[in-house]
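Here's a walk through one protein model, feature by feature. Have the viewer open while you read.

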Amino acid sequence: PDQHDNDSAYRQPGWALRVPWFGPAVVTVTMLVLMSLLFWRLQTHHFTQQQNDLDRSLLSARDSISDHLATDEDFLLVLADQVATETLIASEFRRLTEGYLANNPYIAAIYYTRPDHSILWATPEKEVDIGSDVLTRLNQHADVFEDSVTSQSPIYSNSHTGLAGEPCFEFYVPVFDRKKLVGTFVISYPSSHLLQHIMDQPVLQGYSAELIGDDNQRIYRTPPSEIEDPRLSGVIALSRPDNGMSLRLTRYKSSFWDTETQVLVAISFSLICGMGLGLWALSRQISERVRIERALYVANTDLENRVT
């Protein structure tokens, strides 16, 4: 019985010991797959985070533009009330509007016109000839101007090409005294200023911005400073101006696989491969030890049989 037990203890080793590379290979491949899945998940999370940032940036930009234009509307309505009550004179208009333009560089000019559309006051004054026709000055069709008078309410014009050759639009506030038109305030907005001076710098640094008309045609686009990522592009309608304009933001490419990530991946996969080689070497050592012990057992058993 003792001899039978010893024979059983040193029976032929299992296939795992006969093929020492198999176990380490399985462990190494499993670890490589898991590590690949981990980095894929991190990359997916990175892309989702960028999409969320795009949505927040669109909302932030829209609200920022709307808030600024709403403040401009209130400013012109205050001036209109002063004209209606005959408390606003040319010098006071100039003082108020010059200070306002200094604090709001996205505005090109503020005009006050007579009922026949001729300019009475303007800031900056050097930009116009007092008495010239504001519609000629702005290169704008009269129908929008007349719509504000007919509706007796403020109105935004559609985007058009101004005399300077760049896209712009206007905001009209008609002034009435006992339902009689006495004049109209006009703010002129260059589209480029709207994006460059109102939008937050972090947004402009991370995205290219583009104004789109109601016909889905490009009005103005900030010069892209980097390569864009077309997968991360979004459009949002502007509540102000309410003339059908929309804002499109396209994120500049920001790859997940930057230098630091690539170094981390290289180190991780190197460690896994090194671990696999170490396990393979250990498995070979165990397999060789089992082989030698079995050979010694067989030799000892053969020697005992000869002696006996």
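## Ground rules and confidence

Contact here means heavy atoms within 4.5 Å. This is a predicted model, in which local features need pLDDT of at least 70 and side-chain atom pairs count only at pLDDT 80 or more, while totals for chains, interfaces and linings use all residues. Residues are numbered from 1 along each chain as its sequence is written, and side-chain values use heavy atoms, with hydrogens and water left out.

pLDDT is the predictor's confidence in each residue, on a scale from 0 to 100. The protein averages 80, and 84% of the residues score at least 70. Helices (DSSP H or I, at least four residues) and strands (E, at least two) are DSSP runs numbered from the N terminus. By that naming, helix 1 (residues 2-9) has the lowest confidence, with a mean of 47, and helix 4 (residues 90-103) the highest, at 92. Over residues 1-9 pLDDT stays under 50, and the model has four contacts beyond four places in sequence for that stretch.

## Nonpolar cores

A residue is buried under 20% relative accessible area, exposed over 50% and partly exposed in between, using a 1.4 Å probe and protein chains only. A nonpolar core is then a set of buried Ala, Val, Leu, Ile, Met, Phe, Trp, Tyr and Cys residues joined through side-chain atoms within 4.5 Å. The largest one has 43 residues, and L76, I110, F185, Y189, M199, L247 and L249 have the most contacts inside it. Helix 3 (residues 22-84) is the biggest contributor, giving 10 residues. There's also a second, separate core of six residues, with Y111, A122, Y172 and V186 among them.

Two strands pair if DSSP finds at least two bridges between them. On that basis there's an open sheet of four strands, ordered 8-7-10-9, with antiparallel pairing. Strand 8 (218-221) and strand 9 (228-237) are the edges, each pairing on one side only. From one strand to the next, the twist averages 25°; axes are lines fitted to C-alpha atoms (for helices, over the stretch in contact), and angles run from 0 to 180 degrees between N-to-C directions.

Strand 7 (residues 207-212) and strand 8 share three bridges in the antiparallel sense. I212 has R218 in strand 8 as its bridge partner. The loop between these two strands holds N216, whose phi is positive, near 65°, though it is not a glycine. N216 counts as exposed, at 57% relative accessibility.

## Aromatic pairs

Rings of Phe, Tyr and Trp (its six-membered ring) pair if their centres lie within 6.5 Å; planes under 30 degrees apart count as stacked, over 60 as edge-to-face and the rest as tilted. The count comes to nine aromatic pairs. F93 and W121 have ring centres 5.3 Å apart and planes at 35°, so they make a tilted pair. This one links distant parts of the chain, with F93 in helix 4 and W121 in strand 2 (residues 119-123), 28 residues apart.

F93 is buried at 1% relative accessible area, and W121 is buried too, at 14%. W121 also forms a tilted pair with Y112, at 5.2 Å centre to centre and 35° between the planes. Elsewhere, ring pairs join Y106, Y156, F169, F171 and Y189 into a cluster.

Q50 lies in helix 3 and is buried, at 4% relative accessibility. Its C-alpha atom is 8.5 Å from that of R251, 201 residues apart along the chain. S192, in helix 7 (residues 191-198), is buried as well, at 8%, and is in contact with E166 and Y220, leaving aside neighbours within four places in sequence.

Most residues other than glycine have a negative phi, and most peptide bonds are trans. A cis peptide bond joins T123 and P124, with omega about 0°, and P124 sits in the loop between strand 2 and helix 5 (134-138). The bond from R240 to P241 is cis as well, with omega near 0°; P241 is in the loop between strand 9 and strand 10 (246-252). E86, not a glycine, has a positive phi of about 60°. E86 is in the loop between helix 3 and helix 4 and is exposed, with a relative accessible area of 70%.
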